[in-house]
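Here is a short report on how one protein chain is put together. Keep the sequence and the model side by side as you read.

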Amino acid sequence: MRHSIESQVRSFRSSQIGTPCIECGTKTNLSVDHINHFEGLTYFFLELHPHHPVEFSEDPITKQDCFREEDAKYMKLWQDYHQKEANLQIMCLKCNQGRPDWECPVVRKEKRWKPKEGTW
């Protein structure tokens, strides 16, 4: 699913040139981070749209799983959801790796974040 939203991440990165890490202020080794963890976004998206593809193609360059041509409508649904729900920020790799892992709400009762009003 990451493969299909790369253009959104690249666009955000381009709009943030010169922006330092939100945590420590460094301007080196920067990456784009999902404030509301990517795993959480995918979890809630799949909860909303449980009839999802189970087979994927492989990108020949990155080797990432990507949606097949016949799943283009589902991919667009995911891209639109990500565009609407993702909260991105610039972080250095050290600060990004120091963030707590996302915990599935099925295991843990309270949610770390909630989808925006009207989408859940």
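A residue counts as buried when its relative accessible area is under 20%. By that cut-off, the buried residues of α2 are Phe38, Gly40, Leu41, Thr42, Tyr43, Phe44 and Phe45. Their cover includes β1 and α3. Keep in mind that this is a predicted model.

**The chain as a whole**

The chain has 120 residues, and 36% of them are buried. Its secondary structure comes to four helices and four strands. Read from the N terminus, the elements follow the order α-β-α-β-β-α-β-α. Take the contacts between residues at least 6 apart in sequence: 74% of them join residues at least 24 apart.

The table places some of these elements along the chain.

| Element | Residues |
|---|---|
| α1 | 6-15 |
| β1 | 30-34 |
| α2 | 38-48 |
| α3 | 72-85 |
| β4 | 88-92 |
| α4 | 93-97 |

**Strand β1**

Why is strand β1 largely enclosed by the rest of the structure? Four of its five residues are buried, so the strand is largely enclosed. β1 also has a partner. Five bridges join β1 to β4, and the two strands run antiparallel. In this pairing, Asp33 stands opposite Gln89 of β4.

**The nonpolar core**

The largest nonpolar core holds 17 residues. Val32, Trp78 and Tyr81 touch the most other members. At least two residues of this core come from each of α1, α2, α3 and β4. Which element gives the largest share of this core? It is α2, with five residues.

Now look at Trp78. Setting aside neighbours within four places in sequence, Trp78 contacts Met1, Ser4, Ile5, Phe38, Leu41, Thr42, Phe45 and Phe67. Among these partners, Phe38, Leu41, Thr42 and Phe45 are also buried residues of α2.

**The largest pocket**

The largest pocket contains about 450 Å³ of space. It is lined by 20 residues, and the closest to its centre are Arg2, Val32, Asp33, His34 and Phe38. Two or more lining residues come from each of α1, β1, α2 and α4. What kinds of residue form this lining? Six are nonpolar, six are polar and eight are charged.

Methods: Residues are numbered from 1 along each chain as its sequence is written. This is a predicted model: local features need pLDDT of at least 70, side-chain atom pairs count only at pLDDT 80 or more; totals for chains, interfaces and linings use all residues. Side-chain values use heavy atoms; hydrogens and water are left out. Buried means under 20% relative accessible area, exposed over 50%, partly exposed in between (1.4 Å probe, protein chains only). Two strands pair if DSSP finds at least two bridges between them. On a 1 Å grid over the protein atoms alone, a cavity is a set of points where a 1.4 Å probe fits but cannot get out, and a pocket is an open set with protein on both sides within 12 Å along at least five of seven lines; lining residues have an atom within 4 Å of a point. Grid points are joined across faces, edges and corners, and a volume is the space filled by probe spheres set on the points. Ala, Val, Leu, Ile, Met, Phe, Trp, Tyr, Cys and Pro count as nonpolar, Asp, Glu, Lys and Arg as charged, and the others, Gly among them, as polar. Contact means heavy atoms within 4.5 Å. A nonpolar core is a set of buried Ala, Val, Leu, Ile, Met, Phe, Trp, Tyr and Cys residues joined through side-chain atoms within 4.5 Å.
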